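Here is a guided look at one protein chain, written for someone new to reading structures. Keep the picture open beside you and find each part as it comes up.

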Amino acid sequence: MVLNTIDMLQWTDKKLTTCLVLLLLELFLDGAQSASSKAEIDRHLELGRDLLARGQLADALTHYHAAVEGDPSNYLTCFKRGTVYLALGKARMAITDFSRVLELKPDFSAARIQRGTVYLKLGDYDEAEIDFRNVLLYDPSNEDVQYLLSRLGPAREQVYQTEQIIQQGDYRTAVVLLTQLLEVSPWSISLRESRADCYIEEKDILSAVSDLRSVNRLSQDSTAGYYRLSTLLYQLGHASDALKEIRECLKLDPEHGDCFPFYKKIKKVHKALLDSQTFIDENAFSDCIQSAEKALKIEEEIPMIIFNANQLLCTCYLKDEQYTLAIRKCGEAIDLNKDAYVLCDRAEAYLETEMFDDAVQDFQAALEIDQGLQRAKEGIERARKLQKQAERRDYYKILGVKKTATKQEIVKAYRKAAQKWHPDAYQGDEKKVAEKKFIDVAAAKEVLTDPEKRKRFDMGDDPLDPEANQGFQRGNPFQHFQQHGSPFQFKFHFN
């Protein structure tokens, strides 16, 4: 019995010794691990500081993340990460970090000042005032905080004043006031949305787009914001940019009720316009025309998309040498948007139809829009040169007959040309071309069917030139008709 007791005591003593050794080992390992963790945290903080000094904010943020995760109770580390968020413009994340700092250390004024500053930039003036006044309780002589606090009252008053002015419909003044407010609160979503609304009312869509881009960056998860931005870009005729923004909406909600059907429409229009431009580059002009017409069938309401399609058709018809159609489509595009390049395209078509005055007029209009446009400058010189060369009309060429053609052949050619270019068969800009051609055709027939006039023309004299024959006006064989009205009021018979 005594031996058993001694054995028991010896066994217990060994057990206690073992437990003590294990405990000491565990404490040692914990200490080593803690020292290792601290060293790792210090390393992340040092790397974060270096990257921050070099302006590599995103990389610095990664290391501050690691440091905070390694020691969540270290308020200084959390504060440093908050300042990086602030520098990156991530306002909400910065507020979260500064709020955590104040939970850990309520008297840390720097965090409260920073949080108040973020609230001020967000346009949350009530929360900003709470933070600034709390700082002044501990540090009443802080001039920086006193200045920030002094901005809140005027800002509140200006917000109220702006709301009243918007209700009165004075959007231009409201834009000025909102711009001033955004200098104080550049991260305010509501102020930017209000200014975008005012820009839209003032028809300044590009400025509205800029504000809405900022709104989407600030909110980051607004399907309504992406949809609205996409529709505005589409109205501007920027189908490619509109498609990009609507895709951002679908990333957030693939089956969004507004974004999804709008995406399908934009995608088709964008493809048709893009294909048309590609066909121009490939000199496949009939395909270009087909693709641009397809875009017009899909979109029948938005003026700038219709302009883009007609602009492409203008170029396609010009390059395909269908000049009257080019003039018409260029005109339809210009009616929607007076574009310098479209004016030059129409001027080129006018040149090809020998409408030199109209060509010069379009080139000059293009220069009024873009004073440095070399194409327009060269176009004016070329138009005047061609006009001078064309002053002596070739009546044989006009009717498409040889110089040896008989009177019967000339009359036959005249009938065919007169039917082709009769102004009653045309409308709009095409009618102007037809009138010019019809007058030339009639002049050619008058000269070439009259033996005396034909003889004079064959000898190098234009009998319809006013310098050669005072009885006629050059280029207008219908002078006697004009005393009684336009010749185009008559019904012509080609017998």
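## Helices α10 and α11

In this predicted model, the axes of α10 and helix α11, which covers residues 223–235, come within 10 Å and cross at roughly 160°. An angle over 145 degrees counts as roughly antiparallel, and therefore α10 is roughly antiparallel to α11. The crossing in which α10 passes α11 is left-handed.

Which residues of α10 and α11 meet? On the α10 side they are I205, A208, V209, L212, R213 and N216. Their partners in α11 are G225, Y226, R228, L229, L232 and L233.

## Helices α9 and α10

Now look at the other neighbour of α10 in this story. Helix α9 spans residues 189–201 and helix α10 spans residues 205–219; their axes come within 8 Å and cross at roughly 160°. That crossing angle makes α9 roughly antiparallel to α10. The crossing of α9 and α10 is left-handed.

From α9, the residues taking part are I189, R192, E193, R195, A196, Y199 and I200. They meet I205, S207, A208, D211, L212, S214, V215, L218 and S219 in α10.

## Three disulfides

A disulfide is a covalent bond between the sulfur atoms of two cysteines. How many disulfides does a search of the whole structure find? The search finds 3.

One of them joins C249 and C259, whose sulfur atoms are 2.0 Å apart. This pair links distant parts of the chain: C249 is in helix α12 (residues 239–252) and C259 is in helix α13 (residues 259–281), 10 residues apart. The link of C249 and C259 is right-handed, with 90° about the S-S bond. Both of these cysteines, C249 and C259, are buried.

Another disulfide is formed by C288 and C316, with their sulfur atoms 1.5 Å apart. Here C288 sits in helix α14 (residues 285–298) and C316 in helix α15, so to speak two distant parts of the chain, 28 residues apart. C288 and C316 are both buried.

## The third link and the pairing pattern

C314 and C330 also form a disulfide, and their sulfur atoms are 1.8 Å apart. Because C314 lies in helix α15 and C330 in helix α16 (residues 323–336), the pair ties together parts that are 16 residues apart in sequence. There is 70° about the S-S bond, and the link of C314 and C330 is right-handed. Both C314 and C330 are buried.

C198 counts as buried because its relative accessibility is 1%, and C344 is buried, with a relative accessible area of 0%.

Is N310 buried or exposed? N310 is buried, because its relative accessible area is 3% and buried means under 20%. N310 is placed in helix α15, which runs over residues 303–319. Leaving aside its neighbours within four places in sequence, N310 is in contact with L296, K329, E332, A333 and L336.

R156 lies in helix α7, made of residues 143–167. R156 counts as partly exposed because its relative accessibility is 29%. Not counting residues up to four places away in sequence, R156 touches Y125, D126 and E129. R156 and G123 are 33 residues apart in sequence, and their C-alpha atoms are 9.2 Å apart in space.

## The whole chain

Finally, step back and look at everything together. The chain has 24 helices and 0 strands. What percentage of the 495 residues of the chain counts as buried? The figure is 42%.

The chain exposes about 28,400 Å², and carbon and sulfur atoms supply 50% of that area. Among contacts in the chain between residues at least 6 apart in sequence, 49% join residues at least 24 apart.

Key: Residues numbered from 1 in each chain as written. Predicted model: local features only at pLDDT ≥ 70, side-chain atom pairs only at ≥ 80, totals over all residues. Heavy atoms only, no water. Helix = DSSP H or I, 4+ residues; strand = E, 2+ residues; numbered from the N terminus. Buried < 20%, exposed > 50% of the residue type's maximum accessible area, 1.4 Å probe, protein only. Contact = heavy atoms within 4.5 Å. Areas by Shrake-Rupley, 256 points an atom, 1.4 Å probe, with all protein chains shown as cover. Disulfide = S-S within 2.5 Å. Axes fitted to C-alpha atoms, helices over the stretch in contact; angles between N-to-C directions. Parallel < 35°, antiparallel > 145°, perpendicular 65-115°, else oblique. Left-handed = near helix turned anticlockwise from the far one by under 90°.
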